[in-house]
Amino acid sequence: MASTLAELVARFGGELLGDGGVSIRQVAPLDRAGESEIGFVSQAKYLTQLVDTRAAAVILPLDARDATDLPRILTPNPYLYFARVSALLNPPPRPPVGIHAAATVAPEAFSK
């Protein structure tokens, strides 16, 4: 599954700076992020990592507006925003629909 930055902002809010058409397929730490991945910074002491990241985009706190030229989403709580994006892009696996061929019902289940 992939979403553009504009779609993420439409869904979760925040302020988009840069190209809203950037497609995001996965979340990743800034030091390992690459093409089609989004990272985040929640504390000012980690802003230095923006220099070397290869992330397609980042999620930043409101006061870090000018910390990078990368496409970015500004939000009051970058950690929460990142968690929401992660849940969207990595939904939990769903069990198969239907009844398994080996499923059985205990006979005493019908004795009421």
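## Strand pairing

In this predicted model, strand 4 (residues 26–27) pairs with strand 5 (residues 37–40) in the parallel sense, over two bridges. Within this pairing, Val27 lies opposite Ile38 of strand 5.

Strand 5 also pairs in the parallel sense with strand 6, here over three bridges. Phe40 has Ile59 of strand 6 as its bridge partner. Strand 6 in turn forms four bridges with strand 7 (residues 72–75), again in the parallel sense. In that pairing, Ile59 stands opposite Ile73 of strand 7.

The five strands of the open sheet follow the order 2-7-6-5-4, and their pairing is mixed. Strand 2 (15–17) and strand 4 form the edges; each has a single partner strand, so one side of each is left without a neighbour in the sheet.

## Nonpolar cores

The largest nonpolar core comprises 16 residues, and Leu5, Leu8, Ile24, Ile38, Tyr81 and Val85 have the most contacts inside it. Helix 1 (5–12), strand 6 (57–61) and helix 2 (78–89) are the elements that give two or more residues to this core. Helix 2 contributes the most, with five residues.

Which residues does Ile38 contact, leaving aside its neighbours within four places in sequence? The contacts of Ile38 are Leu5, Ile24, Gln26, Val27, Ala28, Ala57, Val58, Ile59, Phe82 and Val85. A second, separate core has twelve residues, among them Leu17, Val58, Ala64 and Leu70.

Methods: Residues numbered from 1 in each chain as written. Predicted model: local features only at pLDDT ≥ 70, side-chain atom pairs only at ≥ 80, totals over all residues. Heavy atoms only, no water. Core = buried A, V, L, I, M, F, W, Y, C linked by side-chain atoms within 4.5 Å. Buried < 20%, exposed > 50% of the residue type's maximum accessible area, 1.4 Å probe, protein only. Contact = heavy atoms within 4.5 Å. Pairing = 2+ DSSP bridges.
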